[in-house]
Amino acid sequence: MRPILSNGCARAATAAEARFRIDRPIGGRSARVVALDGGAAAAVRRIAEQPWRDARFFVSEDPAPAADGGNGASADIVLRATDGTTSWLSDELADADVAILVATSGDGAQAASTIAHACDVLGIMTAGLILGDRLEVGAAVSALRPYAPVLLVTNDEGDVSEVLTALRA
């Protein structure tokens, strides 16, 4: 048996090994960040001012989802981008890798449910970030807990940026 050298993994020695090499930079994630309430909207707008690769930032504008027409498809809601343009959730999730839902209260519970269900159907990872004092954000935690496998409660708005950076957004 040949010993594995410390640089053996960095170089492919044969053509068969070379076919597994990644010869291009690994890109970032295509993240969609959605504020679910007024307090979260202000935070998301501030975070959107930072330089990001392919992250897009929105505020949920339509608290009641549009009907699905009875065909079993996910309901759709209107999102307003930080530049003021509007789009449908379904269009924004079409090329997304991750959805991050930001809340400061339980006001966006219906939007959270709609977005998380759409992400589940499409296989998109969903994360919930709750901003505020633990004693004041119980409603937001309750609204997001069933839908977001990743749920972070924090007082620091900068944690949203840290999560986006960790995701290479």
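Q: What makes Asp-54 and Ile-100 contacts of Arg-32 in this predicted model?
A: Contact means heavy atoms within 4.5 Å. Leaving aside neighbours within four places in sequence, Arg-32 is in contact with Asp-54, Arg-56, Phe-58, Glu-92, Leu-93, Asp-95, Ala-96, Val-98, Ala-99 and Ile-100. Asp-54 and Ile-100 are therefore contacts of Arg-32.

Q: Why is Arg-32 called buried?
A: The relative accessible area of Arg-32 is 1%. Buried means under 20%. Arg-32 is therefore buried.

Q: Where in the secondary structure is Arg-32?
A: Arg-32 is in strand 1, which covers residues 31-35.

Q: How many helices and strands does the protein have, and in what order do the elements run?
A: There are six helices and seven strands. From the N terminus on, the elements run α-β-α-β-β-β-α-β-α-β-α-β-α.

Q: What is the order of the strands in the sheet?
A: The open sheet of seven strands has the order 4-3-2-1-5-6-7, with mixed pairing.

Q: Why are strand 4 and strand 7 called edge strands?
A: Strand 4 (86-88) and strand 7 (150-154) each pair on one side only. That makes them the edge strands. From one strand to the next, the twist averages 30°.

Q: How do you know that strand 6 and strand 7 pair?
A: Two strands pair if DSSP finds at least two bridges between them. Strand 6 (residues 125-131) and strand 7 have five bridges, so they pair, in the parallel sense. Gly-128 stands opposite Leu-151 in strand 7.

Q: Which strands does helix 4 touch as it packs on the sheet?
A: Helix 4 (residues 109-122) touches strand 1, strand 2 (56-60), strand 5 (98-103) and strand 6. The direction of helix 4 makes about 170° with that of strand 5.

Q: Which strands does helix 6 lie across?
A: Helix 6 (residues 158-166) lies across strand 1, strand 2, strand 5, strand 6 and strand 7. Helix 6 runs at about 160° to strand 6.

Q: How many aromatic pairs does a search of the whole structure find?
A: The search finds one. Trp-52 and Phe-57 form that aromatic pair.

Q: What makes Trp-52 and Phe-57 an aromatic pair, and why is the pair called tilted?
A: The rings are 6.3 Å apart, centre to centre. Rings pair if their centres lie within 6.5 Å, so these two count. The angle between the planes is 45°. Under 30 degrees would be stacked, and over 60 edge-to-face. The pair is therefore tilted.

Q: Are Trp-52 and Phe-57 buried or exposed?
A: Trp-52 is buried, and so is Phe-57.

Technical notes. Residues numbered from 1 in each chain as written. Predicted model: local features only at pLDDT ≥ 70, side-chain atom pairs only at ≥ 80, totals over all residues. Heavy atoms only, no water. Helix = DSSP H or I, 4+ residues; strand = E, 2+ residues; numbered from the N terminus. Buried < 20%, exposed > 50% of the residue type's maximum accessible area, 1.4 Å probe, protein only. Axes fitted to C-alpha atoms, helices over the stretch in contact; angles between N-to-C directions. Phe/Tyr/Trp six-rings, centres within 6.5 Å; stacked < 30°, edge-to-face > 60°.
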